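Hi there,

Here is the structure I promised to pass on.

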Amino acid sequence: MLRNYLKIAFRSLARNSVYSFINIVGLSIGITCSILILLWVADELTFDTYFSKHNTIYQVKQNSKVDSGISTRPFIPLPLFEILQQQDSRIKNAAITINQTALLTVGDRKITKNGLDVSESFLEIFDFQMIYGNLETALTSPRSIVLTQSTAKALFGTDDALGKMVQVKIENDEELKVTGIIADPPNNISFRVDFLLPFTYFEATSVWVQYAKNNWNNNAFFTYVELQPGVDKADVDNTIRDLIKKHHPEGSEREIFLHGMNRWRLHNNFENGKESGGLITYVQLFSGIAIFILIIACINFMNLATARSEHRTREVGIRKSVGSNRKQLILQFLGESIMISTIAFILSIVLVELTLPLYNIFINKQLTINYASPLLWSLGIGLVLVTGLLAGSYPAFYLSSFKPIKVLKGKLVAGKNASVPRQVMVTLQFGFSILLIIGTIVIYKQIQYLKGRELGYDRENLMMVWSTSDIEKNFAPLKQELVNTGAAVSVCKSNSPITNIFASSPVDSWPGMLPGQRVEVTNIATEYDYTKTMGIRMLQGRDFSENFKSDTAAIILNKTAVETLNLTEPIGQTIQMWGSQWNIIGVMDDVLMGSGSTQIGPLVVTMDPTWSSTITVRLPNQLQGESSNLAASLKKVEDVFKKYNPDYPFEYRFADEEFEKKFTSMNMISDLASSFTVLAIFITCLGLFGMAAFSAEQRTKEIGIRKVMGASVASLMILLTKDFSRLVIIAFVITSPIAWYATTDFLKQYSLRIEVPLWVFQLAGLVALVLTILIVSTQALRAAKANPSQSLRSE
């Protein structure tokens, strides 16, 4: 019996090859898209679960009251860490870290790597997989270093490097002993490290650690705690909230709190001191897109399956007349439907495997399908059964109830409302498609709006190089030689690159300061030629100059700082910061350094040659677009850097490329949304093609009669397209307010955002209507041009 069912099912597929193709291809593409999206969603939802204690690990963050509201920062001053460890017994472990870049050398092998200086308890909290060594003792000695597996192989040619020596150069050359090798962590964790150094090493070698130990305004350290099992994070927050206030008289406007590791990735945006979404918005967005695409594909399958089943009424009558009972017919129809959905699911798995390598490159991840996962097969089997049962339920339960005598006599006619469920589902399809079109356009427009903001500096031909101890010692001759050789127009040094903010601090006092008023400013430390090199416009006053020895106590403000401090005549006035008086000598234009989606804040530039992390080089303007000249100039620059910084490989970044990286995630989200929207529209169009063909076939005799009575081809095409066009219009009317609400709510996460333009809705509706008319017209034209004698010869 089973073999008979399968034979009939395959014959039915072959007999209706076009509809079978549309069903299988549409459903498989829909499932493929959903699997790809859900793989990305699952990866994001499992971020940082690599660590077994992720449920009890928290980062200590700081809220500071400023004029614009409450600013949230992920770092704290060093003195707070020592107090925090002793404050609450519910804190099981605490660890402090600071980012570090070092030149690692073994023999002739030299590599520059990024790592962390960490306190000893760091490896107790974060249980990295230790391949060689002991997690508990690896960082006890200040002369030790822990390497990742890939770093060890790069230095020694093998990961078995335990006990060997590595020359580490940060400020000075030091020989450190490898006391541990950890497995390369997966990509979906918050720590991107190549090595770990003991915090005691940082304390012994850093020139500014003593300053940091006693400075409550030096917010440069990341701190993590592990709570005892079962402890309520809110209770600990209440205990530690006012620690800065208690120990620092000027910290009355600063509070600390714990931010759970499970929320670092997806809930990383803060507004006025409270969580305000983050990447979770995109996770929800793409989860919705996956569901929409799957629903669209399933609707196609169900619509075509139920539509084609109406042609099988005579088959039902014959089968019943020769002895088939209703149960057998139900099993046959449901089995055929489940078989099609099973074929589509298997094909989708093949498509996922074929597209996954390219998809991984596109999203910069290493996703794989875990075929051993019970969840995968549970969802897959559930999808196959639900889709198959829903699509097969109409023919199985409705057609199998017919009396064979009525069917075989041709007295069975579908009711006038028989097509209503299909029309509702087609309307739903169009609604989802229009919603996706509107959402994709809004995301694209928002990104373009942010990328098109005024930067305040000239990012073209601007090259940045990380500073080293050797560069700091030889900066003056290095700068002079770069300019004299024509390799650079201008050179400057600063504590952070033009594309990032590394430091901020409060202004203690200023003219006209109101009681209780507090302003936090971005700190830029530089020497000479900063505005010249960056291409920043001076609005008032001047830049730092070697002709003025007093400039060591001078500052430059940006336009927003002048407005925030309410300084009407800023030049010549003084403000107090870090316990010293600073004279304002200039006002420069606002510069976008931080996130591309936030407002530009107040900024103060000081002249401090000792506080440096970045060397910025302005290349000659005529090199733009001339790759050969650019290569020659880069070679000149490299030669100069090699001369004064011989131990380090020459590594550089361009400001325009670094600026674009600010939008990497947003661009990826936009491209993904666009790609999946196109595929959703394609699936909708595929189903529409099938439904249009079915509708034209169903009305063959009606069209024949109308042609005999004198109807034109154009009037017949309008007749067949108006029904589908009406469904598109209904879908547009229903979807538009929903789309407006959804896109407006989505944009609320951006402090700088567009207003959703009306033309977006008009364009989405027009696209849907035009596609519908084009697709339906192809079938309508074919039916309208058919010879009426062929359709009416039996009448």
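Tyr371 is partly exposed, at a relative accessible area of 35% (buried is under 20%, exposed over 50%, partly exposed in between, with a 1.4 Å probe and protein chains only). Before I go on: this is a predicted model, in which local features need pLDDT of at least 70 and side-chain atom pairs count only at pLDDT 80 or more, while totals for chains, interfaces and linings use all residues. Residues are numbered from 1 along each chain as its sequence is written, and side-chain values use heavy atoms, leaving out hydrogens and water.

Tyr371 sits in the loop between α12 (326-363) and α13 (374-398) (helices are DSSP runs of H or I with at least four residues, strands are E runs of at least two, numbered from the N terminus). Together with Trp377, Ile381, Leu385 and Leu389, Tyr371 forms a nonpolar surface patch with about 450 Å² of accessible area. Patch members have over 30% relative accessible area and no salt bridge, and nonpolar side chains are joined within 5 Å, like charges within 9 Å; a salt bridge is a Lys or Arg side-chain nitrogen within 4 Å of an Asp or Glu carboxyl oxygen. Areas are Shrake-Rupley values with a 1.4 Å probe, and for residues only the protein chains shown count as cover.

Now the rings. There are 28 aromatic pairs in the structure (Phe, Tyr or Trp six-membered ring centres within 6.5 Å; planes under 30 degrees apart are stacked, over 60 edge-to-face, the rest tilted). Phe51 and Phe126 have ring centres 5.3 Å apart and planes at 75°, so they are edge-to-face. Phe51 is in the loop between α2 (17-45) and β1 (57-66) and Phe126 in the loop between α4 (122-125) and β6 (130-133), so this pair ties together parts 75 residues apart in sequence. Both Phe51 and Phe126 are buried. Phe51 also pairs edge-to-face with Phe191, with centres 6.3 Å apart and planes at 85°. Ring pairs link these residues into a cluster that includes Tyr50, Phe122 and Trp264.

Two arginines are worth a click too. Arg542 lies over the face of Phe548, 3.7 Å from the ring centre, and the charged end of Arg653 is over the ring of Trp466, at 4.1 Å (CZ of Arg or NZ of Lys within 6 Å of the centre and within 35 degrees of the normal).

Overall, the chain has 26 helices and 25 strands, and 53% of its 795 residues are buried.

Best wishes
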